[in-house]
Amino acid sequence: MTATIRTTGESRGIFARGLRKAYGGKVVLDGVDLDVMPGTVFALLGPNGAGKTTTVRILSTLIGADEGWATVAGHSLREAPDAVRAEIGVSGQYAAVDGLLTVEENLLLIADLLHLGRAEGKRRAAELLERFALSEVARKVAASLSGRTRRKLHLAMTLVGRPGVVFLDEPTTGLDPRVRRTMWDLIRDLAASGTTVFLTTQYLEEADQLADRIAVLDGGRIVAEGTAEELKRRIPGGHIRLRFTDIRHLNAATDRLALSTVTRDDTELTLQVSSDGRIPVLRAVLDVLEASGIQAEALTVHTPDLDDVFLALTGRDRGAAARPR
């Protein structure tokens, strides 16, 4: 699935309230609210079946919502779907290219469908061939390309019409780590150029690396939203780990930092102090040690990662999530 279209320069954000969608008796989306600022990367995370692809399909006008409203690039999904389509690009999970055409011909086909004109279409195709490092394979038929090159071509086809909003539904699924990082660079370039990127992914590192804001979708509902760092601070388990050279310093530190959130290990001569990873907490611990003349041999700081967030907020582990601080 690939859609490519022109942008008119209006607001390039995505805003939705109360989106609901059910198939028969199964509720897929249950009142989803979204605020995606123009020119940012927004990542939607969730387990299989959470409703990520359904959300993309609604916002890209492929299906309608049962309830709720949304605007994309300043246009109402309900009242002006054609205007929305004229502003967006959509890249699905699989590379939808014509295997009988060459790489360049695939790009020119999209340009022709968009009525760009022969000269403009050639210029745009040449730009994208260079941007995506596809020039050397421009005259190869798409069926002969590797999976990673087909995926790059697919994304390039999505951008022929210079869309202001791009939906990327699990764009790096199945790619090896090197190619995935190449795709990350391309996505960063899109956002840097002012394009709004709506990304769904199951690779938590991908969201951590790319997204300005992240929403976690589970059971058809948004269960958390914020920056990566904000989400990580919601999950318990962060701590400062101090290691000492002898038991005397460990005992002294335990006395001075005698809180319910301190855990000691006499065998390892370590003390673990709960922390949300913020500088003031670390500074306070160091100040206590310095004021008491206690010397630690080593100090490490552990903060929850998005894996912890995902496990705590979705499925059967959701109940383990912490309240926002």
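This is a predicted model: local features need pLDDT of at least 70, side-chain atom pairs count only at pLDDT 80 or more; totals for chains, interfaces and linings use all residues.

Modeller: Strand S8, residues 165-169, is mostly covered, with five of its five residues buried.

Colleague: Which residues sit on each side of S8?

Modeller: Val165, Phe167 and Asp169 are on one side, Val166 and Leu168 on the other, and all are buried.

Colleague: Which strand does S8 join through four bridges?

Modeller: That is S7, residues 88-91, and the two run parallel. Serine 91 stands opposite leucine 168 in S8.

Colleague: And how many bridges join S8 to S9?

Modeller: Five, again with the strands parallel; S9 covers residues 196-200. Valine 165 stands opposite threonine 196 in S9. From S8 the chain passes through helix H6 (residues 177-192) to S9, a right-handed β-α-β crossover.

Colleague: Changing topic: how many salt bridges are there?

Modeller: The count is 20. In one of them, aspartate 35 pairs with arginine 17, with the closest N and O atoms 3.0 Å apart.

Colleague: What does that pair tie together?

Modeller: Aspartate 35 is in strand S3 (residues 26-36) and arginine 17 in strand S2 (residues 14-23), so the pair ties together parts 18 residues apart in sequence. Aspartate 35 is partly exposed at 30% relative accessible area, and arginine 17 is partly exposed at 31%.

Colleague: What about aspartate 30?

Modeller: Aspartate 30 forms a salt bridge with arginine 221, closest N and O atoms 2.9 Å apart. This pair links distant parts of the chain, strand S3 and strand S11 (residues 221-226), 191 residues apart.

Technical notes
Residues are numbered from 1 along each chain as its sequence is written. Side-chain values use heavy atoms; hydrogens and water are left out. Buried means under 20% relative accessible area, exposed over 50%, partly exposed in between (1.4 Å probe, protein chains only). Two strands pair if DSSP finds at least two bridges between them. A crossover is right-handed if, with the strands pointing away from the viewer, the path from the first strand over the helix to the second runs clockwise. A salt bridge is a side-chain nitrogen of Lys or Arg within 4 Å of a carboxyl oxygen of Asp or Glu.
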